Amino acid sequence: MTVSLGTSWWLEEAATAFDDEISEPLAGDVDADVCVVGGGFTGLWTALAVKERDPSAHVVVLEADRCGAGPSGRNGGFLHGYWASIGQACAVLGEQGGLAVARAGEGIIPAVRALGNDVWLRESGMVSVSTTPAQDRALDTSIDAAAAVGSPHQAVRLGREEVAERIQSPVFRRGVFFPECATVQPARLVRVLRRKVIDAGVELHEATPVRRVEDLRGARAVVVATNAAASGWRPVRRHVTNFGSYVVLTEPVPELLAEIGWTGGEAVVDGRMFLHYFRTTEDGRVLMGSGSGPIGFAGRVDERFTDDAPTAARAEAGLRRLLPGLGGARIERAWGGPIDVSADHLPFFGTVAGTRIHYGLGYSGNGVGPSWIGGQVLASLALGRDDEWTALPLVRRPPALPPEPLKRIGGGLVRAAILAVEEAEEAGRRPSLAARAGAAVPRRLGMRIGTR
């Protein structure tokens with residue numbers, strides 16, 4: 001690593017653009033119709049959706065730090081729904097269920113667009129590229145899945161030359177273009193949502209950690225919207241685990257971007273299981289991320305998600321290998337954060353049996369966009385409504401993961417096997433039999449781990 005791990009550049013940039021003061025922490029008791037725990041994307045979208053549907057509802061949001069200080073302000077800022085993973089959605093939810101979720105996600109970008117220009121929204125689609133024969137097969141699967149549900153326009157095949165028209169690299173073999181994708185500055189999106197929530201009359205208390213969640217008297221509903229921080233919570237801990245994801249950010253290099261033809265603002269991912277994800281910023285920087293960080297234990301969000309230098313080094317190595325034309329770009333920043341990964345790589349929403357406590361998590365690295373869906377679902381659950389949102393097949397219990405410590409040990413072994421296989425493939429070597437066997441486990445489950 002050429003730089004030390006630090007705080008998210010997104011958060012610092014947003015802090016210079018918005019002069020909002022942190023809200024007062026909660027002092028004493030408060031009555032609420034709906035109490036939302038968590039002031040990230042899911043919590044803020046939920047609070048806003050509740051007020052839109054019931055303007056008279058008294059909604060209180062409790063945030064442990066400042067809104068967006070967690071994963072919502074530390075991710076890659078990829079904004080899309082489920083057309084890019086329609087095969088996975090249909091495999092888990094059935095064709096009709098997968099289509100319902102993909103179509104619901106078509107509302108994500110318009111919802112963010114309606115917030116205005118302060119979020120750095122750029123609607124340029126996403127390119128998935130392959131760098132090995134194994135990754136070629138992953139691209140074919142995406143193309144075939146979109147065609148199978150009658151939507152071939154959602155996954156457009158790109159040959160080597162067509163990829164190069166968008167972004168040039170000697171290691172890119174071919175690609176797929178997904179039109180339903182945009183990028184945002186995620187910390188700015190949080191700040192804009194925070195303002196919208198306050199303007200809607202929501203009572204917000206930051207610097208207010210919630211230590212325990214009960215079926216509170218005087219509240220119509222409680223919504224737990226803390227995502228990775230909830231992975232050790234008893235009602236959901238068998239269905240989700242945390243992985244680390246790290247990014248590096250270059251200095252502004254608009255002239256180098258022009259040299260490799262990457263001027264259209266497309267988001268890009270490769271075909272790895274622990275994928276690389278990369279994008280540009282408004283001022284011509286390049287963010288490169290690696291979803292290959294360590295697995296958590298018992299839901300603890302600790303230093304392995306912020307101080308794992310080897311994963312940040314893999315992100316930098318990915319930048320140098322995938323985009324050698326940016327070899328002269330200096331790395332200025334690096335940071336990490338946790339992602340909440342469900343057993344089947346799709347989020348899930350529900351209600352704790354016998355209570356008025358609702359929850360949503362398990363975005364599995366694709367949460368910036370689907371958190372809008374989550375907000376709609378959780379608002380309907382909190383208001384006791386039976387509608388198109390509570391009818392989505394994401395209101396469910398996903399498959400169970402092994403209990404701890406088997407979850408941590410098994411996940412660690414699979415992670416090591418996947419890294420070994422992908423490093424061998426990229427070096428043109430045949431992976432060992434043991435590595436191939438271990439790496440095959442999540443692929444058989446249709447999982448793809450990373451964060452965007």
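In which sense do strand β12 and β13 pair, and over how many bridges? The model examined is predicted, with local features requiring pLDDT of at least 70 and side-chain atom pairs counted only at pLDDT 80 or more, while totals for chains, interfaces and linings use all residues. Residues are numbered from 1 along each chain as its sequence is written, and side-chain values use heavy atoms, with hydrogens and water left out.

Strand β12 (residues 276-280) pairs with β13 in the antiparallel sense over 5 bridges. Strands are DSSP runs of E of at least two residues, helices are runs of H or I of at least four, and both are numbered from the N terminus; two strands pair if DSSP finds at least two bridges between them. Phe-278 is placed opposite Met-288 in β13. The hairpin formed by β12 and β13 has 5 residues between the strands, and Gly-284 in the turn has a positive phi of about 85°. Strand β10 (residues 240-250) also pairs with β13 in the antiparallel sense, over 4 bridges, and Val-247 stands opposite Gly-289.

In β13 (residues 286-290), 5 of the 5 residues are buried (under 20% relative accessible area, with exposed over 50% and partly exposed in between; 1.4 Å probe, protein chains only), so the strand is largely enclosed by the rest of the structure. Val-286, Met-288 and Ser-290 point one way, whereas Leu-287 and Gly-289 point the other way.

Arg-333 lies in strand β14 (residues 331-342). Leaving aside neighbours within four places in sequence, the contacts of Arg-333 (heavy atoms within 4.5 Å) include Val-247, Val-248 and Leu-249. The side chain of Arg-333 reaches the backbone oxygen of Thr-7 at 3.0 Å.

Key. A polar contact is a pair of N or O atoms within 3.5 Å; within protein, one must be able to donate a hydrogen and the other to accept it, and residues adjacent in sequence count only if both atoms are side-chain atoms.
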